[in-house]
Amino acid sequence: MENPRSTNTQTNQHPSELGCLTPELNSRIQQIFSGQAKAAIALRKSSADERIAKLKRLRSVIMDHQQAIIDAAQKDFGRSPAEVEFTELMPVIMEISDHCKHLKKWLKPRRAKMSAMMFGSSSYTQYEARGRCLIIAPWNYPITLCLGPLVPAIACGNTVIIKTSEMAPNFSKVLVSIVTSCFDENEVAIVEGDVSVASALLDLPFDHMFFTGAPNIGKIVMSAAAKHLSSVTLELGGKSPIIIDETADIELAARTIAWAKYINNGQTCIAPDHIYVHQSVMQDFTHAITNAMNEWYGEGMAAKTSQLARIINRRHTERVNGLLQDAKDQGANVVYGGAVDLDTNFISPTLLSDIPDHARIMQEEIFGPLMPLISYNSVDEVLNKINSQPKPLALYIWSRSKQNADKIIAETSAGGTCVNHIAAHFLDQNLPFGGVNNSGIGSYHGEWGIRAFAHERAIVRSHYMTAKMFFPPYTPRIRKILGLVLKYI
């Protein structure tokens, strides 16, 4: 049974346990990277069965650490056990199960049709491991966004170095325990530390870099990868909007949004950032969402006793509070909530209206419990605003009209979209998860994870050399043959 957090054990006043790069740590990183070179070559030849066995072992160790994960979430965030199991354990276990079930099929070589110019040969593609990979994990979902990409990395036969986030030190310790219990560091190693440690890792010529975090840091990772021509997967973020039209199921929309937005207290890359609500249903929607928030969290300081996570640390609490105060200074109206306690890293679920476009909250990713409500008359007006901004990681549509939803999808671009749902595309293993441009490059989950961590190699086996017909000297006969080929291909 879960206990409501009438007292929050999280202080976020962590000592500098995960500190800067030391000469000893730098030497260890270099040694691990060098050691993984031979292992990477050997792992390319490992069988699907061997890789599946490793994934099953990983699953077992994760489940053995279930209570430790829950305890770490309480210490780092003050998160409830059910929320942790739903957002940290379930996605990773699903990913492992999916890979164990389908890996042999995914890795099977695929024949290519014979083209006109390739008569006498057979062609196919097969996946091969990229080699030495780097995974830089974020602080907001340390288990899901660290071990999630590790699954396809292992399934493809790569070696991996993981960099955990220093901002969630208790989670980091659990991850160290999980990884070292499963793998030799020549195959998978895990490194703790701050940005200086990340910088040292980015200086190394990895074959692939996988980063989850903010777009501005993603640019740094991509720049580092460019020095070595390393391939990258960047899972970033941005301002993910919701559009609620006049046909929407207002009650369902309100309750779903109130739930999804405040998982981890808004510290989610695909959390709704702001909501465009048709003016004809704005009053009904506002009433419905405040009712849901009252029922689940309570308004203002009353929400401190609910099962609501805290902001990760004082610095981020001050950042989110700065967005709130700036919006208020610019004339925004606090419709609901607005309570702040910097000493306990608490900001209550908050709804805002009448926000000018130039306010910081409309320009920066919120990544917290603030929710701007924006009234609109014409959907074209909303589409113009969305298309004037960087492409979001997610775009959400609430409408009973297929025509309206199709129009919005056709006239926007986003990493993923849910119609009459929030964040569901992340949990669907049969869909790629990723952003576009500013919100990310590349995708993973299911077979898309294989595509991220493996190179699709093209192979041609020649059985009869037709190309010899075109060997020099280039006679009129060759020109005639080429003319026939060009005419009929």
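Q: Helices (H or I, at least four residues) and strands (E, at least two) are DSSP runs, numbered from the N terminus. In which loop is the place of Asn264?
A: This is a predicted model in which local features need pLDDT of at least 70 and side-chain atom pairs count only at pLDDT 80 or more, while totals for chains, interfaces and linings use all residues. Residues are numbered from 1 along each chain as its sequence is written, and side-chain values use heavy atoms, with hydrogens and water left out. Asn264 is found in the loop between α9 and β9.

Q: Is Asn264 buried or exposed?
A: Phi of Asn264 is a positive value near 55 degrees, in a residue other than glycine. Buried means under 20% relative accessible area, exposed over 50%, and partly exposed in between (1.4 Å probe, protein chains only). With a relative accessible area of 0%, Asn264 is buried.

Q: Is Leu229 buried or exposed?
A: Most residues other than glycine have a negative phi. Leu229 has a positive phi near 55 degrees and lies in the loop between α8 (215-228) and β7 (231-235). Its relative accessible area is 78%, so Leu229 is exposed.

Q: Which two residues does a cis peptide bond join?
A: Most peptide bonds are trans. In the loop between β20 (454-462) and α16 (476-488) lies Pro473. With omega at about 0 degrees, a cis peptide bond joins Pro472 and Pro473.

Q: Are α3 and α6 roughly parallel or antiparallel to each other?
A: Axes are lines fitted to C-alpha atoms, for helices over the stretch in contact, and angles run from 0 to 180 degrees between N-to-C directions. Angles under 35 degrees count as roughly parallel, over 145 as roughly antiparallel, 65 to 115 as roughly perpendicular and the rest as oblique. The axes of α3 and α6 are 7 Å apart, at an angle of about 160 degrees. The two helices α3 and α6 are therefore roughly antiparallel.

Q: How many nonpolar residues does the contact of α3 with α6 have?
A: Contact means heavy atoms within 4.5 Å. On the α3 side are Ala68, Ile69, Ala72, Ala73, Lys75 and Asp76, which meet Pro169, Asn170, Phe171, Val174 and Ile178 in α6. Ala, Val, Leu, Ile, Met, Phe, Trp, Tyr, Cys and Pro count as nonpolar, Asp, Glu, Lys and Arg as charged, and the others, Gly among them, as polar. Beside one polar and two charged residues, the count of nonpolar residues in the contact of α3 with α6 is eight.

Q: Are α4 and α5 roughly parallel or antiparallel to each other?
A: Helix α5 covers residues 144-155, and its axis is 9 Å from that of α4, at an angle of about 10 degrees. For α4 and α5 the relation is therefore roughly parallel.

Q: How many charged residues are in the contact of α4 with α5?
A: Contributors from α4 include Glu88 and Glu95, and those from α5 include Leu147 and Val151. The contact of α4 with α5 has nine nonpolar and four polar residues, and its charged residues number two.

Q: At what angle do the axes of α3 and α4 cross?
A: Helix α3 spans residues 66-76 and helix α4 residues 81-107. Gln66, Ile69, Ile70 and Ala73 in α3 meet Pro81, Val84, Glu85 and Leu89 in α4. The axes of α3 and α4 come within 10 Å, and their crossing angle is roughly 115 degrees.

Q: Which residues does Asp98 touch, not counting those up to four places away in sequence?
A: Asp98 sits in helix α4 and is buried, at 11% relative accessible area. Its C-alpha atom is 10.0 Å from that of Val151, 53 residues apart along the chain. Leaving out residues up to four places away, Asp98 touches Trp106, Gln429 and Gly446.

Q: Which residues does Ser172 touch, not counting those up to four places away in sequence?
A: Ser172 is part of helix α6 (residues 169-182). Its relative accessibility of 1% means that Ser172 counts as buried. Beyond four places in sequence, Ser172 touches Leu18, Thr164, Ser165 and Glu192.

Q: How far apart are the end C-alpha atoms of α11?
A: The expected span of a helix is 1.5 Å times one less than its number of residues. For the 16 residues of α11 (residues 314-329) this should be 22 Å. In agreement with that, the end C-alpha atoms of α11 are separated by 22 Å.

Q: Which residue, with a positive phi, follows α10?
A: Helix α10 (residues 282-296) has buried residues, among them Met282, Phe285 and Ile289, and what covers the buried residues includes β8 (241-244) and α9 (250-261). With phi near 90 degrees, the residue that follows α10 is Gly298.
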